[in-house]
Every structure is written in C-alpha cells, then in structure tokens.
Amino acid sequence: MLDRPSLARNAWLIFASGAYAALLVVIRGRPSLKSDAGIFLSVAGRLLDGDRLYVDVFDNKDPLFYYSHAAALAIGDWRAPFLLDVVWLAIAAGSTLLLLRAIGASRLAAAVGFVCLPLLLTGAWYLAGYSMLAALSLAPLIAWLWIRGSFALAGGLLCVGLLFKVNLALVLISAPVAFLLLGVPAGPARSQAARAAAGFGAVLAAGAAILLLRGELYGYLETVIDNV
C-alpha cells in the first residue's frame, strides 16, 4: 500500500504530466478534418452508427486506434478524439520519469527525460489524432512495469500497444528484451518471460474474441497481411 508521501508524489506527477501534455497538444497539435484525420473521424463515426470495422467501413489502421477514436467521439464532439493525445503524452512523460528513476538516473536526468520525450513525440511531423502516438507513448510504461517486476502487466500492455499500432512491435518489445538480456530485474529470465507471455496472451485472446464476435477478425488479419 502506498503511504501518504508516495500518494502525494504520484498525484503531483499525474498533474504535471497532464498539464504538460495538454500544453503540447494545444500548441503543436493542429487538429483538422483534412486528409487522414478526416478519414479517421469518418471511420469512428461509422463505427458508432453500427458499421463493422474492416468489413462495412475500412481503413488500414489497427482496431484499438479506431475504437478509442469512436469512444472519444461518443463522449464529445469531433474535437474529442484529438484530445486523446493529452492522455498519451501524459503517459509518455510520467512513465519516462518513473523509468529513469527506477534504473538509477538522477533527478535531473529524469526531469530531462520527462520534458524531452513528449517534445520529441510532438516534433515538426506531429499532428493530433494520428495513429502512432498511443503505441509510442506506451513504450516507456511497458519498460517501467518490467523493471518493477510487473511482467504480466507489461506483457498485457505490450499487446495493447500492438493493437494500437502493430508495426511498432520492435519499439514496444525493445526494453523488455534488453532487460531480459541484462538480467534486470534479478530473477529467472524464463519465469519473467513466461509471466509476460501469459499477460500478452490474455489480452490477445480477449481482443481476438471481441473482433471475432463482431465479425471483424478475418478482415483485420487480411489488413495486417496486406500492410506487411
């Protein structure tokens, strides 16, 4: 159980991460209905109207990206999906700081990481509401969960990241593989990998079952093959 100082530190980190993320999205996001962003919103809208993804309405992005867009659109207006980027950048900032502290970096180095990763993720190429940010932002969180020994959670979140952007698999898996090779944290590597695989498999099975029940699994697999 977390003591009061730990809760206070975590509350401060959540607030700081959210405020910094919101600032970056507002300043650098440039939400628009043009080009790909308009397609993404159109697909999300069709999902809310009952269409099946990859069957009745099609684009070649991964399912969690579209379902998160549809959920945001259901809650708010057309701008709501763009505001999801505040969540992703807050996760990137906060988990980067936690990861750097967990591997022994100084407070200064952790603060620099906190500032720099979200800044890099919103560089000159950045437009709010696009498909890469969620998975990229989950990468340091996966690494932090691994380093603290939450292997099943790390594996489950790895699968979540792939369901947002499967072609970022090497980015998402890089830290767990490095930690396994380095023997960090200490313990049997086979057991750590098995627990991560169990978490990954549970999320994958749940995702596949939902897509199958909606009649979307075959279309998604065809889309992955076509993308490759």
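My entries follow, one topic at a time.

**Entry 1: the model.** I am working with a predicted model.

**Entry 2: cysteines.** How many disulfides does a search of the whole structure find? I got zero. Cys116 is partly exposed, with a relative accessible area of 34%. Cys159 counts as buried, at 1%. Buried means under 20%, so Cys159 falls within that class at 1%.

**Entry 3: Asp51.** Where does Asp51 lie? I found Asp51 in the loop between α2 (35-48) and α3 (63-75). Is Asp51 buried or exposed? Asp51 is buried, because its relative accessibility is 14% and the cut-off for buried is under 20%.

I listed its contacts next, leaving aside neighbours within four places in sequence. Asp51 touches Arg46, Asp56, Val57, Arg214 and Glu216. One of these partners, Arg46, is joined to Asp51 by a side-chain polar contact of 3.0 Å.

**Entry 4: salt bridges.** How many salt bridges does the structure hold? I noted six. I looked at three of them in turn.

Asp51 forms a salt bridge with Arg46, and their closest N and O atoms are 3.0 Å apart. Asp51 is buried at 14%, whereas Arg46 is partly exposed at 35%.

Arg52 and Asp56 meet through their side chains in another salt bridge, at 3.2 Å from N to O. Here I found Arg52 partly exposed at 33%. Asp56 is also partly exposed, at 42%. Asp56 had already come up in my list of Asp51 contacts.

Asp59 and Lys61 form a salt bridge too, at 4.0 Å from N to O. Asp59 is buried, with a relative accessible area of 14%. Lys61 is buried as well, at 15%. Which residues do salt bridges with shared partners join into one network? I wrote down Arg46, Asp49 and Asp51.

**Entry 5: a nonpolar patch.** I turned to the surface. Which residues form a nonpolar patch there? Leu170, Ile173, Val177 and Leu181 do, and together they have about 430 Å² of accessible area. I placed one of them, Leu170, in helix α8, which covers residues 169-182. Leu170 is exposed, because its relative accessible area is 73% and exposed means over 50%.

Methods. Residues are numbered from 1 along each chain as its sequence is written. This is a predicted model: local features need pLDDT of at least 70, side-chain atom pairs count only at pLDDT 80 or more; totals for chains, interfaces and linings use all residues. Side-chain values use heavy atoms; hydrogens and water are left out. A disulfide is a pair of cysteine sulfur atoms within 2.5 Å. Buried means under 20% relative accessible area, exposed over 50%, partly exposed in between (1.4 Å probe, protein chains only). Helices (H or I, at least four residues) and strands (E, at least two) are DSSP runs, numbered from the N terminus. A polar contact is a pair of N or O atoms within 3.5 Å; within protein, one must be able to donate a hydrogen and the other to accept it, and residues adjacent in sequence count only if both atoms are side-chain atoms. Contact means heavy atoms within 4.5 Å. Patches are made of residues with over 30% relative accessible area and no salt bridge: like charges are joined within 9 Å, nonpolar side chains (Val, Leu, Ile, Met, Phe, Trp, Tyr) within 5 Å. Accessible areas come from the Shrake-Rupley method with a 1.4 Å probe; for residues, only the protein chains shown count as cover.
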